[in-house]
Amino acid sequence: MNPSLLEELASPESEQLQRVKAVRAAMPEGGMFRDKEWQVSPSALPLPADVVKRIHALGPATAAFQAACNRLYQEAVDTPSLHWAAHVLDQGKPKRMVALGRNARWKDALPRVIRPDLVWTDTGLSITELDNLPGGIGLTGWMGQTYSAIGEDVLGGPAGMLDGFDRVFPEHDILVSREAADYEPEMAWLTGQLNARDGGRRRVLNPWSIQPQDLKGRDVYRFFELWDTDNVEHAETLLSMAEAGELRFTPPMKPYLEEKLWLALFWSPALRRWWEAALSADHLQLLKESIPYGWTLDPAPLPLHAEWPRLGIHDWQEMKRFGSRERELVVKISGWSEKSWGSRGVKIGHDLPQDEWAEAIDEALDSYPSNPYLLQRFHRARVLTHPRHDQASGRIVPMQCRARLCPYYFVHEGEVTLGGVLATIVPADKKLLHGMRDGVMIPCKAK
């Protein structure tokens, strides 16, 4: 057990319980989410100096990567030697959405919030997803305030998330769809806090409760995934208004940027030189150290003399015979699907019996090209110990756990700022690191 945790547990339990009580008391009426619960800890998650340094470095690196992804797609549309990349990213999408992504009005527009999901391993940080439409912005802002008030020196400080959001979205309405409705309370808290600070008139709106003209001339933070547009009321009218310049959506309507496939394309041998030219040497090296090696699960047969790199197989069917150690792989759906967020559509190879692993491979291959999947190396999270409030006993207990770290980067006029870092810690026997009733969500601090 690490010394800082021993010190934490050795402090008077009544002090820790008072901290837990203060955290619970600070929760806004109605909570931060609909139908989502988590456990409470009396302290933020301490991160060693090298992890904090890596998190700060990943902000500019991931922003540069997103900008490079945008350039690559646009070049691929018109460059015969790269056209295959645009084709892969456009597969399964309606023609209307493909055309929307190529609209010249927002050609250079990029997401202004970037949240990588990082698994904290024994050797560093592993990026499992790069989310440019993340939940948790309000929650992390509230945690920054709340844990700072009980004496925790959290990364980003007490107002880092509010300052970051205000800088990049100074007067934006937030449009929350039915699919994203669980996150509406945290967005309401966020806008309430910002409006109270500066007398602003930001609103949290729902597509079914507005008329499109209500948004004319407004900047709108689009809190819905583009794959869900068919279920968003007034969507076509709103999209047409954006194309005409009558409202401004952010993140930009670029379906290709919402694909997880980028994490596999980063490792494509056919794109190696492109990435080397597009990214600085430092950013490229950091991304290589952080993005697990990955492949697009494309069922197209390989030439007889070829094999899939780093797997040593000629055909995906051979992967079905992999033993448990060889199956330390993750299969996940890429993007244009209701299964592409949360932990839905994710299968961990060594966690499955061989027959279920074979079924997962068949499902992924059969879904191509309408719903491409990617395959990634599984990087195991390190085991930590952190205090948790046990509601049943009313005591503070040490929790054996694994952690997912979610830093929130705000991009404004080329400057990348870290607003805060949300940790989701789950019992050590869990392989999927996501919010659950027996998990803890807390901010992070430097050790």
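In what sense do strand β13 and β14 pair, and over how many bridges? They pair in the antiparallel sense, over twelve bridges. The legends below take up this pair after a view of the whole chain. The model is predicted.

**Figure 1. The whole chain has 13 helices and 15 strands.**
The chain holds 447 residues, and a compact globule with that number would have a radius of gyration near 22 Å; the value for the chain is 22 Å, which agrees. Along the principal axes, the C-alpha trace spans about 70 × 60 × 40 Å. Buried residues account for 57% of the 447 residues. The accessible surface comes to about 19100 Å², and carbon and sulfur atoms contribute 49% of that area. Of the contacts between residues at least 6 apart in sequence, 73% join residues at least 24 apart.

**Figure 2. Strands β13 and β14 form a hairpin with two residues between them.**
Strand β13 covers residues 395-412, and strand β14 covers residues 415-427. E413 lies in the loop between the two strands. Phi of E413 is positive, near 50°, in a residue other than glycine. Is E413 buried or exposed? E413 counts as exposed, because its relative accessibility is 75% and the cut-off for exposed is over 50%.

**Figure 3. Strand β14 also pairs with strand β15.**
Strand β15 is made of residues 440-446 and runs antiparallel to β14, with four bridges joining the two. In this pairing I425 stands opposite V440 of β15. Ten of the 13 residues of β14 are buried, so the strand is largely enclosed by the rest of the structure. In a regular strand, side chains alternate between the two faces of the sheet.

**Figure 4. Four strands form an open sheet with parallel pairing.**
The order of the strands across the sheet is β5-β4-β6-β7. At the edges are β5 (204-205) and β7 (248-250), each of which pairs on one side only. Within the sheet, strand β4 (residues 173-176) and strand β6 (residues 219-223) run parallel and are joined by four bridges. V176 has F223 in β6 as its bridge partner.

**Figure 5. Helix α9 has buried residues, among them L238 and L239.**
The helix consists of residues 235-243, and A235, L238, L239, M241 and A242 are buried. Why do the buried residues of α9 line one face of the helix? Seen down the axis of α9, they fall within an arc of 160°, so they line one face. An α-helix has 3.6 residues a turn, so residues three or four places apart point the same way. After α9 comes G245, which has a positive phi near 80°.

**Figure 6. The largest nonpolar core has 117 residues.**
The residues with the most contacts inside this core are L45, W262, W275, M319 and L405. Helix α3 (residues 49-78) supplies the largest share of the core, twelve residues. Another core, of 21 residues, lies apart from the largest one, and its members include L100, V220, L238 and W336. L238 is also one of the buried residues of α9. In soluble globular proteins, nonpolar side chains tend to be buried together.

**Figure 7. Two prolines follow cis peptide bonds, P251 and P369.**
The bond from T250 to P251 is cis, with omega near -5°. Where does P251 lie? P251 is in the loop between β7 and α10 (262-265). The bond joining Y368 and P369 is cis, with omega about 10°. P369 is placed in the loop between α13 (354-367) and β11 (373-377).

**Figure 8. R310 has a positive phi in a residue other than glycine.**
The phi of R310 is near 65°. R310 lies in the loop between β8 (294-296) and β9 (329-333). Its relative accessible area is 56%, so R310 is exposed.

Key: Residues numbered from 1 in each chain as written. Heavy atoms only, no water. Pairing = 2+ DSSP bridges. Buried < 20%, exposed > 50% of the residue type's maximum accessible area, 1.4 Å probe, protein only. Arc of directions from axis to C-beta. Core = buried A, V, L, I, M, F, W, Y, C linked by side-chain atoms within 4.5 Å. Rg over C-alpha atoms; globule rule 2.2 N^0.38 Å. Contact = heavy atoms within 4.5 Å. Areas by Shrake-Rupley, 256 points an atom, 1.4 Å probe, with all protein chains shown as cover.
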